[in-house]
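Look over the model before reading on.

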Amino acid sequence: MAFHVVYSGELRQKIATILNKAKPLGQAKELGRTFSILHERMTQAPVASGEPRYSMKHVDLKVYDTSYDNLAVRYAVDEA
């Protein structure tokens, strides 16, 4: 089962800024790969890939944390 991942405009801008700062350091490709792997985890198996943290019962979501390389993310999953 594939999940649909939604990124806010603010988060998209932050990712773009991070990647732009990584370019002169020669780390943009590696960091882009890290973002891609985390995105794939969240679309393919978000529950199995993350550590459960808490439930947001009022909106029926469960919040998870996961990481890869040097990047950690927190995300919510609607399992309905």
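Contact here means heavy atoms within 4.5 Å. Helices (H or I, at least four residues) and strands (E, at least two) are DSSP runs, numbered from the N terminus. The model is predicted: local features need pLDDT of at least 70, side-chain atom pairs count only at pLDDT 80 or more, and totals for chains, interfaces and linings use all residues. Residues are numbered from 1 along each chain as its sequence is written, and side-chain values use heavy atoms, without hydrogens and water.

Q: Which elements do the buried residues of α2 pack against?
A: Buried means under 20% relative accessible area, exposed over 50%, partly exposed in between (1.4 Å probe, protein chains only). In α2, L31, T34, F35, L38, M42 and T43 are buried. They fall within an arc of 165° (directions from the helix axis to the C-beta atoms), so they line one face of the helix. Their packing partners are α1 (9-22), α3 (46-49), β2 (61-68) and β3 (71-77).

Q: How far apart are the end C-alpha atoms of helix α2?
A: Helix α2 covers residues 28-44, 17 residues in number. The expected span is 1.5 Å times one less than the number of residues. That gives 24 Å, and the end C-alpha atoms agree, lying apart by 24 Å.
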